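Me: I am new to this structure and would like a close look at a single part of it. Please take the salt bridge as that part, and set it in its surroundings.

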Amino acid sequence: MKSQIEKRLADLKAEHEAGQKMLAELDAKRTGLVQTMLRIEGAMQVLQELLPADEATNATVTNLPHAAR
């Protein structure tokens, strides 16, 4: 009986250790994914800020022939 309990305890400890390792790996992946998403959001913001500036520039350039008349 004692040996069965000891074996079960050892099995549970091994499962717990494997779970802790898996959790650490998932935490690392989550951190990496969060960083990637932040970089993507930053790039999206820059591009969104460039759109109105680009449209304003195009409007000015497009209006130049009309302004020259």
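Reply: Buried residues make up 0% of the 69 residues in the protein chain. The model is a predicted one. The chain holds one helix and zero strands. Its accessible surface is about 6,500 Å², and carbon and sulfur atoms account for 63% of that area.

Now to the salt bridge. By the rule applied here, the count is one. The partners are Asp11 and Lys7, and their closest N and O atoms are 3.2 Å apart. That pair qualifies because a salt bridge requires a side-chain nitrogen of Lys or Arg within 4 Å of a carboxyl oxygen of Asp or Glu. Both Asp11 and Lys7 belong to helix α1, where they sit four residues apart, or about one turn of the helix.

Lys7 has a relative accessibility of 52%, so it counts as exposed, since the cut-off for exposed is over 50%. Asp11 has a relative accessible area of 31% and is therefore partly exposed.

Elsewhere on the surface there is a nonpolar patch. Val46, Leu47 and Leu50 form this patch, and together they have about 290 Å² of accessible area. One of these residues, Leu47, is placed in helix α1, which covers residues 2-68. Leu47 is exposed, because its relative accessible area is 55%.

Notes:
Residues are numbered from 1 along each chain as its sequence is written. This is a predicted model: local features need pLDDT of at least 70, side-chain atom pairs count only at pLDDT 80 or more; totals for chains, interfaces and linings use all residues. Side-chain values use heavy atoms; hydrogens and water are left out. Helices (H or I, at least four residues) and strands (E, at least two) are DSSP runs, numbered from the N terminus. Buried means under 20% relative accessible area, exposed over 50%, partly exposed in between (1.4 Å probe, protein chains only). Accessible areas come from the Shrake-Rupley method with a 1.4 Å probe; for residues, only the protein chains shown count as cover. Patches are made of residues with over 30% relative accessible area and no salt bridge: like charges are joined within 9 Å, nonpolar side chains (Val, Leu, Ile, Met, Phe, Trp, Tyr) within 5 Å.
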